[in-house]
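Hi everyone, thanks for coming.

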Amino acid sequence: MVGAEAIGSAVYDAIVRAATTLRPDALAAMRDAEARERSPRGRAILGQLLENARIAADDAVPLCQDTGSVWVLLEVGEGECVGGDVPDAVNAAVAAAYADAHLRMSIVRDALMDRANTKDNTPAFIDIGFRSGTGVTVTVMLKGGGSDNASAVSMLAPGDGEDGVVRFVTETVARTGASACPPLLVGVGVGATFDKVASLAKRALLRPIGTAHRDPRVAALERRIAAKVDALGIGPGGLGGTVTALGVHVVTAPCHIASLPVAVNVGCSAVRSASVEVA
Amino acid sequence: MSEARRGPGGTGPTEVSLPATREVLATLRAGDEVVLTGPVYTARDATHERLLAGLRSAGELPHGLAGQTLLYAGPTPPAAGRPSGALGPTTAKRMDRATPALLEAGIVATIGKGPRSAEVRRACAEYGSVYFAAVGGAAALLAMHVTAAETVAYPELGTEALVRLQLDRFPAFVAIDARGEDLYLTAALEWRGAAGIDGGDA
C-alpha cells in the first residue's frame, strides 16, 4: 500500500526540483535553439535564458519568479492501494515546499469573489489516472500564469480536419505567444470532450522535447505546426527571430461524431515538471 | 543623475541611469539594447488598482512616484543571500488599462514583457515615456542585477507590494520608444517566414 504521506513527500521533492532546475530535455532544446536562431537579438535572449538556467541550478534559486500553480498528476498502478487523505497530504506538501524553497505564493482564494492570496500556494490542482503495474507515479507541473493565459480551446467541426487544427494552433500562438515567454513548448490536445481536451494539451507538455511521437501521422502534424509557428517570426522573448517553438506536442483521442475539440496549452521557455516514482 | 551612454564604439548596450528624464528617454530607439541602473518600483495587477485609487483620491501619484519607473514584477521571497528573490517581468498588457493615466500623472518609464495596446503606444508618444522589455523567464539572472530592495507600500499584498528596487545594469530592450515606435510591431514582421527558408514541410 502507498500512504498519502509518501505521495506528499514525492510532491515536495518534485516541486523543489522543478522550480530550480530546467528539465534536461528543455535545456538541450534551448541549446539547439541558440544554434539555429538567426536573429542576433534572439540569440542574445537565448543566451540570457541559458545563463539563467545555470544560475538557478548552481544557486538552487527559482528559474522564474512565477513559480506557478501546482498541477499534480497521480498515476496509480492497477495493483496498488492508496491509503489516507491524499488531497490533504498533497496540499500540506505544497505549503511546505513553497515556504522552505522560498517560492512565490501565486494562488488567490476565489477567481472572482475573493482574490485574497492563500499565502501558501494551495490548493494544488489534482488529476488521478491509472496505469499498469504497482506503485504510484507522481508528476508535478508548475504552470506560470502568463503562459496559461496564452492558452485556448475551440470546438471545431469535423470537416475542419487537420488544416483547421493547424490554423487554430497557429492563430492562437500568433495572438498570444509574444507574451508567453517564448521560445515555447506548444501542447496541443485534439479530441475527447470540451472539458477533457485542455487536459490532453497540458499532458502533451510532459513528453520530453526532441522525442518523436510514436504515430508517424501525428509526428508529421507536429512538424507541420512547428514550421508554421516558427514562421510567425515571434522569436525568443517575442522580439523577433526564427525560433518561436522549442517543440510542438500533439495528443489525440477519441471523440463524438459531431465534434473536433482542440486545445492549445502553451508552455513557457521554463517549462517545469518533474516525476517521482513511489513504490 | 540621468543619462544614456552608448556602448564603446557604438556597440554593446546603451547604459541608462534611472530615474531618467524625458530628454534622455527621447534619445532611445525601439530595438536598442540597454542596461538600466537606478531605482525602480515593482507594481503588478493589484498594485495598479491601489495606485489608480491613490491617484483618483489625491489628484497625484502616491508614494512620490512622479518621475519614476515601474517594473511589472512580483518577485519570489529573497534567498541565496541576495536582496531580491527571482525577479522577472510579468505580462505588460494586463496593466494597459491603467498605464495612460499613470504616464500622464508622471510615470516616465515602464518595464515588463510582451506587446501592449495602441493606447499605451499613443501615451508613450504623448508623454515622452518609454516601455522597456526584459526577458521573461530569466528571473534568476535578472535578480543578480538587483542590489537593494525596500517595501514602500501595500505589504499586505505580498508579492504584489510596491517595492523600491535598486537596479545595477539590468538588461532590457527598448520596446516602445518616446515617439511611440513599437518593436513588437516590427520585429516579428522582420522575421516572418524566415524560419521556413531552412526547411520544414509547411
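Let's start at A:Gly144, which sits in the loop between β7 (136–143) and α5 (145–149) of chain A. Before going on, this is a predicted model, where local features need pLDDT of at least 70, side-chain atom pairs count only at pLDDT 80 or more, and totals for chains, interfaces and linings use all residues. Residues are numbered from 1 along each chain as its sequence is written, while chains are lettered from A and ligands numbered from 1 in the order in which they are written. The element names come from DSSP runs, numbered from the N terminus: helices are H or I with at least four residues, and strands are E with at least two.

Is A:Gly144 buried or exposed? A:Gly144 has 29 other C-beta atoms within 10 Å and is buried. The cut-offs here are 20 or more other C-beta atoms within 10 Å for buried, 12 or fewer for exposed, and partly exposed in between, with C-beta atoms placed from the backbone. Leaving aside residues up to four places away in sequence, A:Gly144 touches A:Cys64, A:Asp66, A:Gly68 and A:Cys268. Contact is a matter of C-beta atoms, placed from the backbone, lying within 7 Å. For a sense of scale, A:Leu46 is 98 residues from A:Gly144 in sequence and 19 Å away in space, C-alpha to C-alpha.

In general, two packed helices are described by the angle between their axes and the distance between the axes. Helix α2 (residues 24–36) of chain A packs on helix α3 (residues 40–59) of chain A at an angle of about 155°, and the axes are 9 Å apart. That angle makes α2(A) roughly antiparallel to α3(A). Axes are lines fitted to C-alpha atoms, for helices over the stretch in contact, and angles run from 0 to 180 degrees between N-to-C directions; under 35 degrees is roughly parallel, over 145 roughly antiparallel, 65 to 115 roughly perpendicular, and the rest oblique. From α2(A), the contact residues are A:Leu27, A:Met30, A:Arg31, A:Ala33 and A:Glu34, and the α3(A) side includes A:Leu46 and A:Leu50. By class, this contact has seven nonpolar, one polar and three charged residues. For the classes, Ala, Val, Leu, Ile, Met, Phe, Trp, Tyr, Cys and Pro are nonpolar, Asp, Glu, Lys and Arg are charged, and the others, Gly among them, are polar.

The axes of helix α1 (residues 4–20) of chain A and α4(A) come within 8 Å, crossing at roughly 30°. Among the residues making that contact are A:Ile7, A:Val11 and A:Ile15 of α1(A), with A:Ala89, A:Ala93 and A:Ala97 of α4(A). The tally for this contact is 14 nonpolar, two polar and one charged residues.

Now, the other chain. How many residues of chain A are in contact with chain B? There are 45, and they meet 45 residues of chain B. On the chain A side, α3 and α8 (216–230) are the elements that give two or more residues, and α3(A) gives the most, with eight. That side divides into 19 nonpolar, 17 polar and nine charged residues.

Staying with α8(A), its buried residues include A:Leu221, A:Ile225 and A:Val229, as well as the charged-class A:Glu222 and A:Arg224. What covers the buried residues includes α6, β9 and β10 (245–255) of chain A. As for helix α6 (residues 161–176) of chain A, A:Val165, A:Phe168 and A:Val173 are among its buried residues. The buried residues of α6(A) pack against β8 (152–156), β9 (184–192), α8 and β11 (260–267) of chain A.

Finally, some backbone details for you to click on. A:Pro182 and A:Pro183 are joined by a cis peptide bond, omega about 10°, and A:Pro183 lies in the loop between α6 and β9 of chain A. In chain B, the bond from B:Leu18 to B:Pro19 is cis too, with omega near -5°. A:His102, which is not a glycine, has a positive phi near 60°; A:His102 is partly exposed, with 18 other C-beta atoms within 10 Å. A:Lys119 also has a positive phi, about 65°, and counts as partly exposed with 13 C-beta neighbours inside 10 Å.

Terms used. Two residues are in contact if their C-beta atoms, placed from the backbone, lie within 7 Å.
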